[in-house]
Amino acid sequence: MTSPLREARSRETAIPVHLTEPSGAREWDRRHVLDLDDFSVSEIEQVLETADAMKEVLARDVPRAPALRGTTIVTLFYEASTRTRASFELAGKVLGADVINLTASGSSVEKGESLIDTVRTLRAIGAHVLIMRHPMSGAPYLAASHGDARVVNAGDGWHAHPTQGLLDLYTLRNHIGSLAGKRVVIVGDVTHSRVARSDIWGLSKLGAEVVVCGPPTLLPAELGRDHEDGLPLVTVETDFDKAVQGADAVMTLRLQQERMTGGLLPSLREYSRLYQVNEARMEKARPGAPVLHPGPINEGVEISAAVAHGARSLIEEQVTNGVAVRMALLYLMRGLK
């Protein structure tokens, strides 16, 4: 017979079913999470609604739920990361999974082991889920096609960062409600930003009006064309003072100088003068319009200190929500073999 104490503890660690199973939601059958371009609206909604339940778990005195007990998750990062890697690790542990963290430095990658061999080795030792960041666009797709582990893209080259896109959608919805018809401005180094690409797909699918702004040298050529040729159709503006007029939300991007070749910008000072998100420019947006940034921040360059740490900033909340959204994805993928 189960003791009352054990039953109470079981209730404390359970995930609220009414929040994780939205009415009308279809059974989750997405084996890999590689980008948001092939997500349906209903799948995005299911992730966001499940994240509500995960926030409830995280708010408990003891934030634990054994939904992934017996699951082994490996984070394989070929690039440096703080927020994404730590939040995936915490997400897995809160749900009861065993989490192994690997980096290219100190692994057999330094001895010349190929990505495919690394993936096969990790599956052979019992990895069920592979969380992967790689400097080459398409690497997670390659990993997904050469093994039976579930693969989650934690950022690949300039291509995509789907979980960041989902947490940005979640954060925005919590503050400005439905995104349908809302004007969301993405400003900065769009060319080198995998976050921008995933955000554009997610925002467009949920009906937002997406305005992309930056120096012409930092705007990819496929912007403004139909999605069959590239990204979804967005408004392109090189004058930030025009772009921010009436914005419901503004997302600024980090200048990724480590990915740039010479000659794209005259100087950081000139960039800041024309494209920095500061208090004066945010006065042109709608009252209370929030500001987001995927981090890490080049404070004083793409965003002023006053805005980054002011009342409009959702930057820390994005980090917090990242844990809940990544828990939601891992939870939804739990039953797939």
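This report walks through a predicted model of one protein, from its overall make-up to a few single residues.

**The whole protein**

The protein has 337 residues, and buried residues make up 53% of them. Its secondary structure consists of 13 helices and nine strands. Taking the contacts between residues at least 6 apart in sequence, 76% join residues at least 24 apart.

**A sheet of four strands**

Now find the open sheet of four strands in the structure view. Its strands are arranged in the order β2-β1-β3-β4, and the pairing is parallel. β2 (98–103) and β4 (150–156) stand at the edges; each has a single partner strand, so one side of each is left without a neighbour in the sheet. From one strand to the next, the twist averages 15°.

Thr 75 shows both pairings at once: it stands opposite Asn 101 in β2 and opposite Ile 131 in β3.

How does the chain get from β1 to β2? Helix α4 (residues 83–94) belongs with these two strands, and together the three make a right-handed β-α-β unit.

Is β1 buried or exposed? Six of its six residues are buried, so β1 is largely enclosed by the rest of the structure. Both of its faces are covered: Thr 72, Val 74 and Leu 76 lie on one side, with Ile 73, Thr 75 and Phe 77 on the other.

**Strand β6 and its partners**

Strand β5 (residues 183–187) pairs with β6 in the parallel sense over five bridges, and Val 184 stands opposite Val 210 in β6.

| Strand pair | Direction | Bridges |
|---|---|---|
| β5 and β6 | parallel | five bridges |

**The nonpolar cores**

Next, let us turn to the nonpolar side chains. Which residues touch the most other members of the largest nonpolar core? They are Val 47, Ile 131 and Leu 203, in a core of 61 residues. Helix α13 (residues 315–332) gives the largest share of this core, nine residues. The core draws at least three residues from each of domain 1 (4–161 + 319–334) and domain 2 (162–315).

Beyond its neighbours within four places in sequence, Val 47 is in contact with Trp 28, Phe 39, Leu 166, Val 325, Ala 328, Leu 329 and Leu 332. There is also a second, separate core of 23 residues, which includes Val 185, Val 211, Val 250 and Tyr 275.

**Two residues in loops**

Gly 207 sits in the loop between α8 (194–205) and β6 (209–213). Its relative accessibility is 36%, so it counts as partly exposed. The C-alpha atoms of Gly 207 and Ala 180 are separated by 4.1 Å, although the two residues are 27 apart along the chain. Neighbours within four places in sequence aside, Gly 207 is in contact with Leu 179, Ala 180 and Gly 181.

Ser 304 lies in the loop between β9 (291–292) and α12 (305–308). Is Ser 304 buried or exposed? With 12% relative accessibility, Ser 304 counts as buried. Not counting residues up to four places away in sequence, Ser 304 touches Gln 276, Val 277, Asn 278 and Glu 279.

Methods:
Residues numbered from 1 in each chain as written. Predicted model: local features only at pLDDT ≥ 70, side-chain atom pairs only at ≥ 80, totals over all residues. Heavy atoms only, no water. Buried < 20%, exposed > 50% of the residue type's maximum accessible area, 1.4 Å probe, protein only. Contact = heavy atoms within 4.5 Å. Pairing = 2+ DSSP bridges. Axes fitted to C-alpha atoms, helices over the stretch in contact; angles between N-to-C directions. Core = buried A, V, L, I, M, F, W, Y, C linked by side-chain atoms within 4.5 Å. Domains from an automatic or database assignment. Right-handed = clockwise from strand over helix to strand, strands pointing away.
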